[in-house]
Number of protein chains: 4
Amino acid sequence: MRNTLGNILTLTTFGESHGPAIGGVLDGMPAGVKIDMDELQRFVDRRRPGQSAMTTARSEDDRVEILSGVFEGVTLGTPIGFIIRNKDHHSADYSEIKDCYRPSHADYTYDAKYGLRDYRGGGRSSARETAARVVGGALALQALKHWGVEITAYTSQIGTVELADNSINLSIIDNNDVRCPNEEVARLMHDEVLKARADGDSVGGTVSCVITGVPAGVGEPVFGKLHAQLGAAMLGINAAKGFDYGDGFAFASARGSEVMDRFACTDGKVTTLDNHSGGIQGGISNGAPITFRVAFKPVATLMRDIDTIDRNGNAMTLHPRGRHDPCVVPRAVPIVEAMTAMVLLDNILMNRVSSIGLSTDLK
Amino acid sequence: MRNTLGNILTLTTFGESHGPAIGGVLDGMPAGVKIDMDELQRFVDRRRPGQSAMTTARSEDDRVEILSGVFEGVTLGTPIGFIIRNKDHHSADYSEIKDCYRPSHADYTYDAKYGLRDYRGGGRSSARETAARVVGGALALQALKHWGVEITAYTSQIGTVELADNSINLSIIDNNDVRCPNEEVARLMHDEVLKARADGDSVGGTVSCVITGVPAGVGEPVFGKLHAQLGAAMLGINAAKGFDYGDGFAFASARGSEVMDRFACTDGKVTTLDNHSGGIQGGISNGAPITFRVAFKPVATLMRDIDTIDRNGNAMTLHPRGRHDPCVVPRAVPIVEAMTAMVLLDNILMNRVSSIGLSTDLK
Amino acid sequence: MRNTLGNILTLTTFGESHGPAIGGVLDGMPAGVKIDMDELQRFVDRRRPGQSAMTTARSEDDRVEILSGVFEGVTLGTPIGFIIRNKDHHSADYSEIKDCYRPSHADYTYDAKYGLRDYRGGGRSSARETAARVVGGALALQALKHWGVEITAYTSQIGTVELADNSINLSIIDNNDVRCPNEEVARLMHDEVLKARADGDSVGGTVSCVITGVPAGVGEPVFGKLHAQLGAAMLGINAAKGFDYGDGFAFASARGSEVMDRFACTDGKVTTLDNHSGGIQGGISNGAPITFRVAFKPVATLMRDIDTIDRNGNAMTLHPRGRHDPCVVPRAVPIVEAMTAMVLLDNILMNRVSSIGLSTDLK
Amino acid sequence: MRNTLGNILTLTTFGESHGPAIGGVLDGMPAGVKIDMDELQRFVDRRRPGQSAMTTARSEDDRVEILSGVFEGVTLGTPIGFIIRNKDHHSADYSEIKDCYRPSHADYTYDAKYGLRDYRGGGRSSARETAARVVGGALALQALKHWGVEITAYTSQIGTVELADNSINLSIIDNNDVRCPNEEVARLMHDEVLKARADGDSVGGTVSCVITGVPAGVGEPVFGKLHAQLGAAMLGINAAKGFDYGDGFAFASARGSEVMDRFACTDGKVTTLDNHSGGIQGGISNGAPITFRVAFKPVATLMRDIDTIDRNGNAMTLHPRGRHDPCVVPRAVPIVEAMTAMVLLDNILMNRVSSIGLSTDLK
């Protein structure tokens with residue numbers, strides 16, 4: 001816990017927003033996985049700031065430097081250490097907040113926990129830390145090809161603009177700057193963000209994710225239910241406020257008879273005719289696509305004067321001038337995919353020890 | 001993971017629904033906590049089956065036997081082992097499902113993972129396992145008195161009957177059989193369950209939880225965010241399908257300016273005037289009440305003939321005759337409280353090591 | 001740590017010497033392992049008190065009750081909970097030590113750590129806790145048959161009687177009450193123990209262990225070196241004071257040229273002509289027999305008056321009357337085997353995730 | 001396990017000998033510890049190669065770069081990431097061993113485990129990895145000042161030259177190149193190493209360690225006994241072959257009456273008049289100095305032609321030309337101290353949660 005995710009495959013991250021570098025160690029990556037560094041960098045670039053009008057203008061090239069664990073293009077089975085230098089420090093931007101508690105930020109809670117904090121750009125609480133997660137996820141994704149697992153996240157809501165389930169084309173997600181799989185809805189979402197930005201405001205949203213290719217039998221059935229691990233990973237992303245899977249919160253108002261996933265047998269293989277469960281039953285994958293949803297709050301930094309208090313309890317007014325995304329959701333998409341990739345690889349590996357005779361699907 | 005919850009305070013559970021006993025080991029409970037065994041048993045009894053028309057007729061007295069770790073009424077600091085005997089085995093009820101995969105149950109996924117399963121009453125996937133969690137939670141609750149932490153969960157939705165936030169009285173929760181803090185809504189929920197039961201059907205719902213008395217500074221800010229730990233614990237409860245905290249999914253459609261938690265300073269103490277964040281900012285408690293919500297699906301066992309397949313893929317029809325709750329939500333209430341108690345105690349203890357000079361609040 | 005051993009395969013133990021029961025949970029045992037309960041009980045009986053003049057007269061039948069995780073004689077992949085009732089309480093024997101700190105016992109250190117202790121029979125610090133480890137080890141041993149791993153521990157020194165390496169017959173270990181693989185030396189060791197006993201004294205010794213059948217490639221090469229894990233497990237046994245493997249402490253006075261394990265290739269298989277390394281190089285097994293040694297101190301309880309202090313610092317004299325082994329070494333033999341079995345099974349399972357394409361030896 | 005040490009305070013290391021860098025993440029360091037970077041670098045320099053005739057000529061300046069977790073000279077409570085660049089690569093030296101299995105090295109076992117390895121300079125199995133541990137230990141040492149803990153390791157044996165216990169002066173350890181606390185014995189040890197070196201050979205030895213200032217009550221009494229944790233840490237150091245504490249292996253031939261640590265009460269404080277136990281009873285510190293010993297084998301690389309096999313099993317002869325220490329023991333001294341520091345800090349922090357009311361000694 002704390003700064004480490006996972007059980008057998010573990011990612012430990014480090015780094016403050018305005019320190020010399022952020023980075024991480026991915027341990028437990030099996031030996032023998034071919035690593036394509038260009039593909040890795042392209043995946044990391046999807047999270048990078050400064051990509052569009054949707055995102056902060058902070059200009060970081062987020063060049064990943066792999067320091068260990070990969071030799072001649074193949075994983076060694078040893079820990080993969082990596083760093084990303086922080087280049088575009090505008091520490092001057094943050095002098096105003098040194099002694100201030102910004103509303104709905106982590107300034108006060110870090111002080112309450114640790115007695116001090118790196119106030120520059122949010123320090124450890126900055127979403128910049130998620131770049132290290134995206135590196136870990138990019139590595140996990142390359143290993144998941146071994147089993148044919150595919151993970152696709154996309155923006156399913158921004159503010160009041162919601163995407164209907166039946167009108168999505170997963171192949172076009174990266175064609176628009178909000179990462180929505182429907183071009184028309186994408187335009188509405190784009191406008192929603194720009195409106196908020198014009199008002200010096202921010203707006204929330206949801207990211208949905210669909211995973212195919214996970215064999216039946218993956219997940220640990222009590223405290224480590226596959227959806228509990230996914231949920232913890234998603235709720236660990238900055239600004240995440242909710243998680244549900246399959247029919248999720250809609251189950252609450254349903255009758256059991258309406259949401260049963262009927263079994264069938266096709267070509268000697270057990271399948272389900274429905275997927276209310278979101279591909280997970282009893283915490284274990286059933287072979288159907290795994291689906292879930294993550295809610296994100298509007299970012300707390302507004303481009304408006306904000307009344308608040310300083311660490312001595314005195315009233316003060318903030319005049320924000322930093323660089324911030326009016327909506328985090330588009331950049332959250334690759335983070336959701338990265339976290340998902342690590343959780344799945346961890347659980348697929350874990351399954352290799354679930355029975356004395358190995359299940360053939362999980363070799 | 002797997003069968004262990006927690007970091008410093010850990011609960012490991014064991015047991016199948018129709019084996020000789022279920023039980024657990026609570027490790028990391030600090031020495032010196034006074035344990036009131038009657039209070040513990042009363043708390044465990046709240047989850048017990050056979051309490052009302054809401055719940056299965058399985059008659060278990062769920063008598064907790066503490067085997068270690070408590071001496072002369074006080075915790076020793078050593079692991080607390082405990083068991084609850086399974087008494088009312090009706091194994092005969094389950095012969096029909098030995099080779100069958102019940103829809104939306106874990107029969108198939110356990111077989112896919114392990115190659116075999118204890119088919120009697122769901123085996124390890126039975127909600128009976130949660131009795132061990134309630135014991136762990138009951139012990140944690142007694143330790144939490146040291147800091148004045150109070151945890152109250154309640155039923156906030158059953159089927160189409162939803163509770164409004166502004167009409168609740170937390171003191172009456174156990175006065176009605178659905179555990180709803182509003183008597184009028186409780187009657188509607190009660191009727192909703194009986195209607196489903198009369199139809200041989202089941203119905204879903206939500207449990208809400210409010211926690212007071214947690215000092216600011218509790219939680220681990222990256223992967224172990226307090227809400228991520230709470231979310232994982234809640235999603236690890238049988239039939240849970242979603243989790244959100246504070247404004248939760250409603251954040252998705254909000255503007256940042258609408259959901260800011262303004263700071264104030266009262267008597268030299270930092271507080272917030274709003275609580276959209278649900279008492280947690282940046283993964284760390286801010287001293288305000290912590291609030292969250294858990295969605296539960298309708299139980300998968302219906303009192304109707306169900307078409308499905310057996311483990312060889314042959315079509316078959318099930319004629320359910322077992323004992324099952326038409327709605328799990330009322331019995332989930334103490335489970336939510338128990339899981340919450342363990343997560344909070346674990347994190348409060350964890351905070352004792354967050355700085356070299358101890359924070360006075362967490363002694 | 002604390003009360004849990006292992007990584008993927010974990011044993012958590014609980015119980016005080018004079019509480020209602022001791023027990024444990026073995027989690028991570030793969031599904032599909034056939035469990036022979038008689039064989040398990042026979043293994044546990046080897047540690048049982050009251051077996052011979054070598055050991056305490058405490059009469060416990062140490063009947064193991066498996067509560068979960070085994071169904072129709074086969075492991076389910078779920079946690080195996082078990083208890084052993086404490087029957088022969090002579091709590092009256094211990095009233096004298098309630099407020100007393102016995103020299104070289106854990107009375108004082110438990111009080112210093114926890115502020116209180118269960119003083120009856122040493123409470124949690126009693127070697128009775130190791131019965132739970134022997135159960136875990138007995139289960140692990142049955143799984144290790146899948147790979148043909150064999151573990152044999154034996155008494156190699158008691159007091160001044162040492163066994164020479166070249167005169168051992170592992171098949172006769174359980175034919176004598178000191179568990180020595182040489183009958184003549186066994187008689188000398190037997191006499192050494194009886195002499196100490198006659199003097200109201202106790203005596204130390206060493207246990208050696210040899211493991212065959214572990215394929216090359218097992219162990220984690222940095223902090224989890226196979227010998228470091230074995231060492232930690234052995235040093236976790238009550239009264240253990242030292243551990244070395246292969247040539248061990250004798251390496252200190254050796255030259256590199258004298259202790260090189262030369263490689264050979266036999267039938268296309270890499271082997272070594274020497275085994276100074278004790279079967280482990282760089283923390284990973286090399287396929288040669290794994291050998292190590294554990295030193296045990298003489299038990300601290302003597303049948304003599306002992307001057308000491310009480311918890312208030314006042315001088316007092318103890319008149320021991322309890323039941324204690326004059327030498328723990330013979331009973332430590334099955335404990336060493338049990339701990340070894342759990343460490344090896346854990347590491348063999350761990351190796352299933354060391355490379356993306358599974359090594360055939362470790363299926 | 002694997003690449004992470006510790007429980008609450010954890011060090012995760014990464015890096016191969018000839019990759020771009022080695023490094024680590026120290027997580028769980030409490031906030032508020034003042035860090036003196038010069039002192040840290042001086043401590044790390046004690047392990048550095050190229051210091052004297054005792055050690056390899058590899059010339060690395062081992063400059064530590066702290067990337068996070070320390071802000072304005074004080075720890076933040078967030079993970080401390082750090083790297084040390086590998087500068088003096090002589091990769092050409094290692095082409096000969098690419099397909100070769102050097103005797104008593106980890107070449108073969110890494111291949112057996114992972115199916116491939118970074119053959120340059122031993123890759124991950126190189127002792128260069130320990131530089132990261134020394135950084136972690138140097139940070140832990142600065143935190144341990146809070147409690148007044150002092151850790152001193154020294155060379156107690158090299159080859160046939162042994163140090164007597166009664167002739168040591170801990171203040172002069174760094175005055176001689178073998179790190180022996182007796183100048184005369186140091187000269188003999190120095191000669192022993194040079195003789196081995198002149199023969200193209202290597203020689204083993206032991207490191208002893210004494211720790212003062214640890215309050216009574218530190219350590220976890222079952223699997224996490226303080227000496228078991230120390231033993232695992234020491235056995236995790238490259239070339240370590242044995243560990244014992246207090247009287248250690250000498251206990252095996254002792255009678256209980258000879259090795260009892262008598263209690264006394266001085267100024268209202270419990271103390272012991274003897275210290276056979278090495279400061280630990282029942283796995284918990286008793287306030288007396290903690291003492292232990294670690295055995296190291298002679299390094300496996302000799303400056304002689306060595307007959308061995310290649311990875312295809314063909315006989316071949318190695319002509320070593322690399323740079324290697326004829327004796328690792330002097331450089332092991334700071335590594336022993338570093339590992340000890342991390343184990344102790346971890347356990348002292350752990351003790352803050354051992355009772356509900358905090359022990360005053362461990363604040």
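Residues are numbered from 1 along each chain as its sequence is written, and chains are lettered from A, with ligands numbered from 1, in the order in which they are written. Because the model is predicted, local features need pLDDT of at least 70 and side-chain atom pairs count only at pLDDT 80 or more, while totals for chains, interfaces and linings use all residues; side-chain values use heavy atoms, with hydrogens and water left out.

Let's begin with chains C and D. Counting a contact as heavy atoms within 4.5 Å, 103 residues of chain C touch 101 residues of chain D. About 8,000 Å² is buried between chain C and chain D, and carbon and sulfur atoms give 64% of that. Buried area here is the accessible area, with a 1.4 Å probe, that two parts lose on being put together, summed over both. On the chain C side, Lys113(C), Phe223(C) and Lys241(C) supply 11% of the area buried against chain D, more than any other three residues.

What about charges? There are six salt bridges between chain C and chain D, where a salt bridge is a side-chain nitrogen of Lys or Arg within 4 Å of a carboxyl oxygen of Asp or Glu. One to look at is Asp199(C) with Arg255(D), whose closest N and O atoms are 2.7 Å apart. By class, the side of chain C that touches chain D has 47 nonpolar, 37 polar and 19 charged residues. For those classes, Ala, Val, Leu, Ile, Met, Phe, Trp, Tyr, Cys and Pro count as nonpolar, Asp, Glu, Lys and Arg as charged, and the others, Gly among them, as polar.

Polar contacts come next: chain C and chain D have 39 residue pairs of this kind, both residues at pLDDT 80 or more. The rule asks for a pair of N or O atoms within 3.5 Å; within protein, one must be able to donate a hydrogen and the other to accept it, and residues adjacent in sequence count only if both atoms are side-chain atoms.

How is chain C related to chain D? The same surface serves both copies, since 98% of the contact residues of chain C recur in chain D.

Strands (E, at least two residues) are DSSP runs numbered from the N terminus, and two of them pair if DSSP finds at least two bridges between them. An open, antiparallel sheet of 10 strands runs in the order E10(C)-E9(C)-E11(C)-E17(C)-E12(C)-E12(D)-E17(D)-E11(D)-E9(D)-E10(D). Strand E10 (161-162) of chain C and strand E10 (161-162) of chain D stand at the edges, each with a single partner strand, so one side of each is left without a neighbour in the sheet. Where the chains meet, three bridges join E12 (residues 240-245) of chain C to E12 (residues 240-245) of chain D, in antiparallel fashion. There, Asp244(C) stands opposite Gly242(D). Further along in chain D, E9 (residues 150-158) and E11 (residues 205-212) pair antiparallel over eight bridges, with Thr152(D) partnered by Val210(D).

Chain D also has a hairpin worth a glance. E13 (residues 263-266) and E14 (residues 269-272) of chain D are antiparallel and joined by four bridges. Two residues lie between E13(D) and E14(D), and Asp267(D) in the turn has a positive phi of about 55°.

Finally, chain A with chain C. Here 16 residues of chain A contact 16 residues of chain C, burying about 1,500 Å², of which carbon and sulfur atoms give 69%. Arg352(A), Val353(A) and Ile356(A) lose the most area in chain A, together 46% of what that side buries. This interface has zero salt bridges, but 10 residue pairs in polar contact. Chain A also superposes on chain C, by a rotation of 180° with 0.0 Å of shift along its axis and an RMSD of 0.0 Å. Arg352(A) turns up again here: in chain A its C-alpha is the nearest to that axis, at 3.2 Å.

Technical notes. Copies are superposed by least squares on the C-alpha atoms of residues with pLDDT of at least 70 in both.
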